[in-house]
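Hi,

Here is the structure I said I would pass on to you. Have a look at it first, and my notes on what turned up follow below.

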Amino acid sequence: MNPDILLIAFPATDDEALYWWHVKDGAVQAWGCDPDPLLASQAYGPDVAQADVSVIALVPSHLTTIMAHDPISDATPSQALAAAIMAARAQSLESEKVHIVATVDSAGDLVTASVGRDILSSGLVRLQALNLDPDAIMPSGWLLPAASEGAVSADFGFDRVVRAENIIAVDDPALREFLFADRTVQPIAGDAFDMMLVGASKKSDLNFRSGPFAKKTQRAMDAKQKRWLGWMVAALVVVSLAIPLVQLAQYHWVASTADEAALASAASVVGEQENPDSAERALDQRLIAENRGNIMFPVPASALYSALQRVPSVSITRMAYADNGIVSATLSAVRNEDINPALLALQEAGFVITATPRTDATGSAQADITVRAP
């Protein structure tokens with residue numbers, strides 16, 4: 001599939017009209033020179049999303065420096081590119097003020113390109129003011145093919161470039177005489193120029209949009225992805241509602257099974273019952289009749305011991321239990337006031353108590369009490 005490309009001249013000065021070319025379906029559909037290339041080109045039509053159009057900015061050759069470097073043996077591609085950038089920086093007179101990128105061309109040679117950091121920064125600001133955020137920024141001369149014999153030249157309108165192999169320079173008569181005097185320069189124009197622009201996306205390896213100038217990635221969803229997301233959200237809501245409903249049904253089923261099992265177990269003791277509540281009442285009556293249940297000794301006795309834990313200064317000197325479910329005991333303390341908190345705790349727990357205070361032969365306070373379950 002042929003890419004949809006908007007080629008624009010990288011702005012080098014303020015308030016200048018920019019050359020632009022709109023490449024679509026493998027051909028240059030429109031071109032011009034306008035202060036607002038995006039509006040003039042109509043590249044973002046009503047049926048075209050911004051992410052579907054690749055924007056490539058071309059930097060004039062007089063602002064860039066392109067150098068070829070000898071290959072490095074026994075080095076990985078990343079190591080070779082890093083070494084080429086270091087070599088280009090070492091040869092630059094303003095190494096701290098330039099942004100350098102590197103690539104390996106089709107012939108396998110290392111190539112670096114450099115441009116001023118301030119030029120990149122100011123140009124990007126101007127493009128953003130025009131709602132343009134280039135996917136790639138490259139030297140315009142890099143689009144020209146590397147001629148094996150002779151040289152080639154091209155006129156972009158904003159830049160005239162001549163190239164011989166990896167020698168790329170401004171097409172100036174003086175430079176032609178100095179650099180290309182022994183070469184025949186073949187101009188690229190007409191259909192050949194258009195085809196060179198069509199292949200721009202394949203030449204964007206020498207891209208200044210790296211490091212601090214890298215384009216921020218913006219994730220966008222198409223209509224199909226949005227529909228999938230909508231279905232996933234709906235499915236998540238359904239599952240979120242279904243889980244507690246299923247659990248509730250399981251709990252209801254388990255509770256019903258437990259009730260049936262309880263009724264079956266109680267039937268052997270108190271006979272068939274209509275529901276668990278009636279079975280519980282029948283069992284309580286059976287326990288009371290057999291002197292068990294709430295009137296069994298552990299119930300009032302445990303309540304008495306629990307109340308005494310709150311008043312460590314009170315002790316039990318006697319305890320007895322009658323068949324009627326009444327626990328009798330004698331409590332001993334230094335003062336009668338020390339015994340009262342234990343009696344109050346028994347009453348708060350719902351037990352029926354009686355208490356008769358007295359004093360023994362040693363002068364200690366005692367109370368003869370009875371405790372009965374409600």
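This is a predicted model: local features need pLDDT of at least 70, side-chain atom pairs count only at pLDDT 80 or more; totals for chains, interfaces and linings use all residues.

**What I found**

Let me start with Arg358, which is partly exposed because its relative accessible area is 35%.

Residues are numbered from 1 along each chain as its sequence is written, and side-chain values use heavy atoms, with hydrogens and water left out.

**Salt bridges**

How many salt bridges does the structure hold? There are five, a salt bridge being a side-chain nitrogen of Lys or Arg within 4 Å of a carboxyl oxygen of Asp or Glu. One of them joins Arg358 to Asp368, with the closest N and O atoms 2.8 Å apart. This pair links distant parts of the chain, 10 residues apart: Arg358 belongs to strand β15 (residues 352-359) and Asp368 to strand β16 (residues 365-372). Helices (H or I, at least four residues) and strands (E, at least two) are DSSP runs, numbered from the N terminus. Asp368 is partly exposed too, at 25% relative accessibility.

Another salt bridge is formed by Arg176 and Asp171, where the closest N and O atoms are 2.6 Å apart. Is Asp171 buried or exposed? Asp171 counts as buried because its relative accessibility is 10%, while Arg176 is partly exposed at 30%.

The side chains of Arg335 and Asp338 also meet in a salt bridge (3.3 Å, N to O). Here Asp338 is buried, with a relative accessible area of 17%, and Arg335 is partly exposed at 48%.

**Buried spots**

Ser153 sits in strand β9 and is buried, with 6% relative accessibility. Which residues does Ser153 touch, leaving aside neighbours within four places in sequence? They are Leu144, Val161, Val162, Asp171, Arg176, Val185, Gln186, Pro187 and Ile188, where contact means heavy atoms within 4.5 Å.

Not counting residues up to four places away in sequence, Ala164 touches Gly150, Ala151, Phe180 and Arg183.

Helix α5 (residues 191-198) has Phe193, Met196, Leu197 and Val198 buried. Their cover includes β1 (4-9), β2 (18-24), β3 (27-34), β9 (151-155) and β12 (185-188).

**Surface patches**

Patches are made of residues with over 30% relative accessible area and no salt bridge; like charges are joined within 9 Å, and nonpolar side chains (Val, Leu, Ile, Met, Phe, Trp, Tyr) within 5 Å.

Ile167, Leu175, Phe178 and Leu179 make a nonpolar surface patch of about 360 Å². Helix α4 gives the largest share of that patch, three residues. Ile167 lies in strand β11 (residues 167-170) and is partly exposed at 39%. Also in α4 (residues 173-179) is Ala174, which counts as exposed at 51% relative accessibility.

Asp259, Glu260, Asp277 and Glu280 form a negative surface patch. Two elements, α6 (223-270) and α7 (276-289), each give two or more residues to this negative patch. Asp259 is found in α6 and is partly exposed at 36%.

Gln42, in the loop between α1 (37-41) and β4 (53-59), has a phi near 55 degrees, a positive value in a residue other than glycine. Asn131 is not a glycine either, and has a positive phi of about 60 degrees. Asn131 is found in the loop between α3 (117-129) and β8 (136-139) and is exposed, with a relative accessible area of 58%.

Cheers

Technical notes. Accessible areas come from the Shrake-Rupley method with a 1.4 Å probe; for residues, only the protein chains shown count as cover. Lys and Arg count as positive and Asp and Glu as negative; His and the chain ends are not counted. The place of a charge is taken as NZ of Lys, CZ of Arg, CG of Asp or CD of Glu. Buried means under 20% relative accessible area, exposed over 50%, partly exposed in between (1.4 Å probe, protein chains only).
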